[in-house]
Amino acid sequence: MTSTRALIAEDEPLLAAALAADLDALWPGLQLVASVGDGLSAIERALALKPDVCFLDIRMPGCSGLEVAQALAEDWPADAPFPLLVFVTAYDQFALQAFEAQAVDYVVKPPERARLQACVARLQARLAERGAGSGLQGTLDQLRALLSGPLPAGSGALAQQSAPGAPPPRLNVIQAQVGSTVHFVPVDEVIYFEAADKYLRVVTAHKEHLIRLSLKDLLPQLDGTRFWQIHRGTVVQARCIASARRDDSGKVFIQLHGRPETLTASRLYAHLFKGM
Amino acid sequence: MLPLILLAALLGPGLGLTLGDAITGLRSPSLWSLDATASRVTLAISLLATVVSVFAGWMHERLTHAQAQAEAARRAQAESQLRLLQSQLEPHMLFNTLANLRVLIGLDATRAQAMLDRLIAYLRATLQASRAVEHPLAAEFERIADYLALMQVRMGPRLAVSLDLPAELRALPVPPLILQPLVENSIQHGLEPQVEGGRLTLSAALQSGRLRLTVRDDGIGLGAGGRLPHSTGFGLEQVRSRLHTLYGSAASLALSELPGERGTLAVIELPLPSPESTLTPSSTAP
């Protein structure tokens, strides 16, 4: 039997070292292939090294553990088994509630030996029974439930545990600044939004603009029945979709009215494109 | 209130006499026949009695009202102290610090002890801050240094810190832990989310006869994610309301982005105290 390979994503160096030491003691066959301190490195290293197990801190710089999970679910190659995910958190009430409800593995910092032992046992049992390719579907379902549940995807949102429930007002117009001019783009004319580094591309039939806003912060201000998230970095206006075609890996390719390019919907959102 | 008292005083005696006559069957001289001395005495006595009793009733009502107000104020104060305490003992910070401490105990007992001392000093100051009105600026810097040292254990080399307190300002009184929410915001919303971390600079200076306290960081800034309205709102609101309660419009808090640079700048300006109220820094040394 080949050894099990693990990745730890934890931004606090002492806690990362301690988790590694505890796992080493509890799970002799476990090989730690990477220990990273931020979410973006976690995505990159996990996709490159394809570990069997990922321990993901919830609050990390770059992006949160949940966002890492989302990115992995979207970009994981179809031919490798999807890793088992364990979320690690010090104190995030909402996160804990959500995980308990969704039965995703999680441990609380600092993990007690007994609790970590139980987690290791569960992981070993899951690894023993899984075949190549399995696990992804279950993770997709869990992630969909987590992302649509009471738990917002962003770490920033996790930090606002007592944020009042009033939803932000709907956006009617996008104000995009170019130099000293501000262009007003009616939201209804936007065909899709696409995340580009720290910016957001706002694409209409004839133009595109860059605004300094994250997709995460834009989403609550859009009407979810008209604007569909189809990827962690893409939101498209439903009436602008001409057709959707599914490929073998579970991705969906989308043709648009008014734009020549093809958009890709990830596995996480492919279920939106079923025929009636 | 006053017209009611007058009305009662004027009508009361007449009505009383009429009622009394009806019961006893006697006939008292009219109050309005001013030539009768007896009537005038009766009128004076009953007027006085009416005024006194109405006034007593009015005072009683005022007193009850004042008591209710004092009670409400006490409750509001207790509530705000609790909120202050809760915000300073942010559970995520506390549990992460304890998790780190647990690891350090096994790795490096001496460092663990030093970290625990910082945590104790920080907790003690937090509990006291909700009671004391002022402490010297030097003590404020020490407590913030405790908090930053705890954060440095957690964040490792990702957090760099500079503290600049000129010696002549050490004794100036400031509200306890007034800088804490600003420092916490800088770390939580500016530096922690930034992959490479950054530097937090805390400084004090005199400017135009006012004490100017500055917290700046080179983190991701206010605009990133547009999260200012939600995440930093509570801490800032609390600092503002404390400043307002203590100094009225003489103190201010301003939050801005640094033009052309990364990060956030928070500035508190306080009026200088009158010379005799200056505290001695030695009195609160840990």
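Analyst: Let's start with buried area: that is the accessible area (1.4 Å probe) that two parts lose on being put together, summed over both. Here, chain B and chain A bury about 2200 Å² between them, and carbon and sulfur atoms give 57% of that. H92(B), R102(B) and V195(B) supply 24% of the area that chain B buries against chain A, more than any other three residues. Before we go on, note that this is a predicted model, where local features need pLDDT of at least 70 and side-chain atom pairs count only at pLDDT 80 or more, while totals for chains, interfaces and linings use all residues. Residues are numbered from 1 along each chain as its sequence is written, chains are lettered from A and ligands numbered from 1 in the order in which they are written, and side-chain values use heavy atoms, with hydrogens and water left out.

User: How many residues of each chain are in contact?

Analyst: Contact means heavy atoms within 4.5 Å. By that rule, 29 residues of chain B meet 23 residues of chain A.

User: And which salt bridge can I look up between D11(A) and chain B?

Analyst: A salt bridge needs a side-chain nitrogen of Lys or Arg within 4 Å of a carboxyl oxygen of Asp or Glu. The count between the two chains is 2. D11(A) pairs with R158(B), with the closest N and O atoms 3.9 Å apart.

User: Which helices of chain B supply at least two residues each to the side that touches chain A?

Analyst: Helices (H or I, at least four residues) and strands (E, at least two) are DSSP runs, numbered from the N terminus. The helices you want are α3 (91-107), α5 (137-155) and α7 (228-231) of chain B. The largest share, 10 residues, comes from α3(B).

User: On to the sheets. In what order do the strands of the parallel one in chain A run?

Analyst: Two strands pair if DSSP finds at least two bridges between them. This open sheet has 5 strands in the order β2-β1-β3-β4-β5 of chain A, with parallel pairing. β2 (30-36) and β5 (105-108) of chain A each have a single partner strand, so one side of each is left without a neighbour in the sheet. On average, neighbouring strands here are turned by 20 degrees against each other, direction ignored.

User: Which strands does helix α1 of chain A touch?

Analyst: For the angles, axes are lines fitted to C-alpha atoms, for helices over the stretch in contact, and angles run from 0 to 180 degrees between N-to-C directions. Helix α1 (residues 13-26) of chain A packs on the sheet and touches β1 (4-9), β2 and β3 of chain A, its direction making about 160 degrees with that of β1(A). Helix α5 (residues 113-129) of chain A also packs on the sheet, touching β1, β3, β4 and β5 of chain A, at about 165 degrees to β5(A).

User: How many bridges join β3 to β4 in chain A?

Analyst: There are 5 bridges between β3 (residues 53-57) and β4 (residues 84-89) of chain A, which run parallel. As an example to find on screen, F55(A) has V86(A) as its bridge partner in β4(A).

User: How many residues lie between β6(A) and β7(A) in their hairpin?

Analyst: There are 2 residues between them, and G179(A) in the turn has a positive phi of about 60 degrees. The strands, β6 (residues 173-178) and β7 (residues 181-186) of chain A, run antiparallel and are joined by 6 bridges. One bridge partner to check is H183(A) in β7(A), which goes with A176(A).
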